[in-house]
Structure formats: structure tokens, C-alpha cells
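Welcome, and please take a moment with the structure below. This short briefing then walks through some of its aromatic and helix packing.

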Amino acid sequence: MERLASRVILLWGFRRALLAVFAGAIGALALPPFSFVAALFISFTLLVWLMDGCASAPGTGILGRCRASFALGWLFGFGYFVAGLWWLGNALLVDGDEFAWALPLAIFGLPAFLALYYGFATMLAGLLWSEGFGRLAALAVSFTLAEWLRGILLTGFPWNAIGYGVMPIPIMMQSAHAIGVLGVTACAVFVLSTPALFGTRRGLITGVVLSLLLTCAHFGYGYYRLNQPLLNDPKASNTPFTIRIVQPSIDQARKMDSRERQAVFEEHLSLSSQPPKPGQRRPDIIVWPETSVPFLLTENRDALSRIADVLSDGQVLIAGVVRAEGGAAGQPTRYYNSIYAIDSQGQIIGAADKVHLTPFGEYLPYEALWNSVGIGNIVNMPGGFTAGSTRSPITLPDGKSLYPLICYEAIFPDEITSDIAKASFVLNLTNDAWFGDTPGPYQHFLQSRLRAVETGLPLIRAANSGISAIINPHGEILQGLDFGQKGFLDSTMSGLYVSDWNSFVRNTNFWLIFISLFMIAVISRLGYKIKLN
């Protein structure tokens with residue numbers, strides 16, 4: 001290990017840059033569908049040794065070291081994001097004639113931008129760099145800060161934060177309930193970097209002990225929580241009820257074809273009307289995916305009548321729709337990516353709008369500028385979608401309450417508000433058919449599962465092409481339909497759960513970890529400077 005570390009530290013020029021890109025790219029193997037967590041150990045071990053090379057470069061001042069460490073982090077991030085997000089280009093091929101030219105921007109342009117955050121992380125870590133395990137703490141706090149910024153700046157895009165790579169199974173997901181994804185990221189970067197200590201030997205024993213303690217806490221808390229009873233709502237009836245999720249698996253190009261609209265609608269109705277399998281109850285709630293109704297439902301009374309014909313008394317349909325709202329005189333119509341709850345009489349009894357829109361998919365930031373060079377939305381909607389003003393649960397006639405997260409919103413832990421305390425379920429409607437059979441839908445599914453773990457509520461997830469599932473508050477899949485599988489699933493539940501979501505406790509735990517790692521980094525850096533002097 002020492003010989004290997006020395007060779008990596010002393011690399012320079014093209015070979016060093018190539019290894020940095022490789023180190024980032026191999027880390028993406030920890031993400032779904034591969035979930036090979038060991039890849040991140042290789043990734044961050046190499047990154048630490050490469051950072052050691054920046055810190056020990058002769059004849060460079062602080063600005064030179066900052067430039068070198070920033071470039072190193074950018075190359076690392078570029079490899080990680082290209083390998084982890086290349087599938088975004090598939091959305092542009094749905095309407096290839098119009099958007100194929102932008103494929104390089106999706107595959108390389110967005111990763112190049114996102115890599116700036118990791119460049120910032122390594123530059124900041126370089127300012128705190130020292131010997132021993134203190135440099136691991138510097139890297140951990142810097143990457144955590146970068147991931148936080150990535151989640152909020154320019155509307156945010158926290159997809160594939162490092163913490164997700166160490167939470168492939170339920171026992172490894174539970175830490176997110178206590179410290180959030182950012183807290184998991186902070187601890188993960190420290191642990192994942194620990195093998196680098198075997199190559200330099202400085203701070204080895206202390207670093208390994210701390211790493212083992214964090215790993216034991218991660219698995220120990222997971223084991224503890226998985227063996228705790230779920231919190232049932234004492235006010236709710238224990239009468240069993242059945243949820244049906246419809247997964248029509250309709251190709252995105254077909255969904256966008258105006259000639260196919262009625263056929264697409266009828267396919268959803270057909271799957272909804274299928275009798276339950278032997279021994280199962282009739283569904284009480286039927287759930288369709290995002291934008292499953294391919295026209296404006298409120299302008300098509302026949303469609304509402306068809307829904308009423310299919311639903312039995314007492315049944316409720318939850319459907320993803322496009323909602324239109326007429327503007328004031330002289331103002332254009334506004335369109336919303338929405339959810340409707342529809343009863344067996346064909347009446348709309350509840351609704352929710354998407355609050356956090358997808359840039360370049362549902363709206364254009366700085367629209368006038370992009371339009372001036374001929375660039376428009378991927379979704380062909382006049383003026384794009386309008387963001388909803390508030391997010392609040394949808395309450396059904398029997399008192400059940402659904403907390404809505406439409407598609408992309410499920411990747412934002414901070415989208416959860418105090419209204420979650422009123423909810424019985426988290427509801428995620430999505431349409432991942434845009435991305436085909438690529439890692440994208442599997443990555444999205446993992447991030448959605450973590451919202452169930454964080455909130456302590458079951459997750460109902462309906463996806464046009466998959467992955468659809470009922471997930472319990474521990475992130476365990478009760479029933480599911482795989483990607484590309486056409487059909488429906490019926491899941492019967494005997495009671496409702498109470499959310500144990502507590503942002504104050506989670507944030508407090510996170511800051512305790514972050515400040516502890518920061519103090520380790522600062523003290524180590526001060527000791528390192530004294531040694532040099």
C-alpha cells in the first residue's frame with residue numbers, strides 16, 4: 001500500500017488528471033443499479049493520495065495549491081457525474097430531431113458544471129490539509145458543504161449525493177433518519193477515505209478506530225431501528241384497506257403522440273378495472289403515475305364520466321394530470337404538473353401542484369435568453385409549467401392524508417415540511433420513461449425510498465414505466481413492479497402510521513457530527529503548521 005500511495009502521490013500531468021477522472025468514475029459504481037459500495041473506498045482512497053500530491057508540490061504558494069486542488073476535485077467530480085448521470089441524455093432522444101444536438105450538453109455539460117462543487121470541496125479541503133486522519137475530516141466536511149450547496153443553489157440538484165452510495169439496503173438506510181443524507185455523507189467520506197491511511201501510516205490507528213466506530217454506529221442504529229415497532233396512529237381505524245398502483249409502462253414517445261391520447265387513457269382505465277387476484281380485497285385507492293392523463297381532464301367531461309364508470313362506490317383515484325388555470329384578461333393560461341383525487345362520481349375532491357419544477361424540462365430559467373438562441377423546454381408546453389405556491393397533503397374522504405412529491409421533488413429532503421405530521425403516506429408520482437432502461441430510474445427509486453425512512457411514513461410510488469412500489473417506513477419494499485413491467489399491484493394495509501419526522505433533532509445531530517469533524521480538521525491543520533515551522 002505504501003508503494004502504491006507513493007506512486008499516486010508523485011503522479012503529475014496527464015496521468016494524474018486521468019487517474020482523478022477514473023477515481024471519480026469508479027465511485028459511480030456504488031450507485032444503483034450496481035450498488036457496489038466498495039467502489040467508493042477505491043475512489044476516495046485515490047482522491048486522498050492525489051490531494052497529498054497537491055499539498056506536497058514543491059515551489060507552490062497557497063494560490064497554486066488552491067488551483068491544483070480545485071482542478072483535482074473538478075476532474076474527480078467530472079468522472080463521477082459523467083459515469084453517474086450519462087443517462088440524462090436519453091430524455092433528449094425521445095424527440096431526437098429537435099434535441100439530439102444537445103446530447104453532449106446533457107452527457108458532458110451538466111457534469112462539467114456539477115463538478116465545480118467538488119472542485120470547491122477539494123479546494124476547501126486543501127486549505128485544511130494536514131497529515132494523518134485530520135485530512136480525512138477536512139475532506140468529509142468539505143464534501144458535505146459542497147453537497148449542501150449543490151442541493152440549494154440555482155434551484156438545486158442533489159442527485160447522487162455521496163451518502164446515497166452507502167445506503168443500498170434498509171439496514172444501511174436508517175442513519176438518514178437520525179442525521180439526514182448530509183450527515184451520512186459526512187461520515188461516509190471519512191470512512192471511505194480511511195484506507196488511504198494504510199498507504200502513508202500517519203494517524204493510522206486513530207483513524208481506523210474512528211472509522212470503525214462510525215461504521216458500527218451506522219449498522220448498529222440500522223439494526224436497532226429495523227427492530228423497533230412502527231408507530232401506529234391510535235386515532236385511525238384498523239379497518240384494512242387496499243391500494244392499487246397502476247404501472248402502464250407506456251413509451252414516452254407514444255405518450256406525447258396526440259393520436260394516442262385516448263388509447264393511453266383507456267389503458268390506465270383497463271388496468272384499474274381488473275379484478276383483484278384471488279384472496280385479495282377490492283382496491284379502495286387506485287394510483288396512476290405522473291401526467292398519466294394525456295389531456296386536460298377538466299376540459300373533457302367524457303373522461304371524468306369514464307373514470308366514474310370504472311370506479312366502484314367508495315373508490316378513489318389518485319392521478320397525475322396537467323392542470324390549466326386561466327390567467328387574468330390578456331394573460332396566458334398557466335399550466336401545472338398536478339395530482340387530482342377523483343371519487344366514484346367523477347368529481348375532483350382534492351388536488352396538489354408540483355412546487356419544485358425541473359429546470360430545462362418543465363421550465364426555462366432565464367427563458368428569454370434561451371429562446372433568443374432557439375432553445376426551448378423538453379416538455380412542449382406553451383410557456384412551460386408554473387410552480388405551485390404551496391405543498392400540502394391531499395385529504396381523502398375517509399380521513400387518509402397523502403403528502404405529495406411529484407417526480408423530481410422526491411430527491412430533495414428539504415422539501416419535507418411540518419405538514420408531514422398530518423399525513424398518512426408519502427405519495428410519489430413519477431414518469432421515468434423519459435430515461436429508458438438506464439441507471440436513472442433505479443437511482444431515483446433509491447432516493448425516493450430514503451424519504452420514507454426520513455419521515456417514518458410509508459411511501460406509495462407510482463411510476464409510468466417503473467419502479468413502482470409500496471415501501472414501509474423502514475425503507476423495505478412491501479410490494480413492487482420492476483422497471484418495464486406492465487400491470488398493477490394491490491397491497492392491503494391494516495392501519496395507518498404516524499410520522500416521527502423531527503427536523504430539529506436531525507439537524508442537531510448533523511451539526512454535532514459536522515462541527516466535530518471540522519474541529520478535528522482545524523486542530524490537525526494547526527498542529528501540522530506548527531510542525532512545519
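At 1% relative accessibility, F76 falls under the 20% cut-off and so counts as buried. Please keep in mind that the model is predicted.

**Aromatic pairs**
- Across the whole structure, a search turns up 24 aromatic pairs.
- In one of them, the ring centres of F76 and F143 are 6.2 Å apart and the planes meet at 85 degrees, so this pair is edge-to-face.
- F76 belongs to helix α4 (residues 62–85) and F143 to helix α7 (residues 134–152), so their pairing ties together parts 67 residues apart in sequence.

**Charges over rings**
- R244 lies over the face of F488, 3.9 Å from the ring centre.
- K400 places its charged end over the ring of F241, at 4.2 Å from the centre.

**The two sides of helix α13**
- Helix α13 spans residues 301–310, and its buried residues are A303, L304, I307, A308 and V310.
- Viewed down the helix axis, these buried residues fall within an arc of 165 degrees, so they line one face of α13.
- They pack against α12 (261–272) and against the strands β3 (316–325), β4 (334–343) and β5 (348–353).
- R301, D302 and D309 are exposed on the other side of α13.

Methods:
Residues are numbered from 1 along each chain as its sequence is written. This is a predicted model: local features need pLDDT of at least 70, side-chain atom pairs count only at pLDDT 80 or more; totals for chains, interfaces and linings use all residues. Side-chain values use heavy atoms; hydrogens and water are left out. Rings of Phe, Tyr and Trp (its six-membered ring) pair if their centres lie within 6.5 Å; planes under 30 degrees apart count as stacked, over 60 as edge-to-face and the rest as tilted. Helices (H or I, at least four residues) and strands (E, at least two) are DSSP runs, numbered from the N terminus. Buried means under 20% relative accessible area, exposed over 50%, partly exposed in between (1.4 Å probe, protein chains only). A charge sits over a ring if NZ of Lys or CZ of Arg is within 6 Å of the ring centre and within 35 degrees of the ring normal. The arc is that of the directions from the helix axis to the C-beta atoms. Contact means heavy atoms within 4.5 Å.
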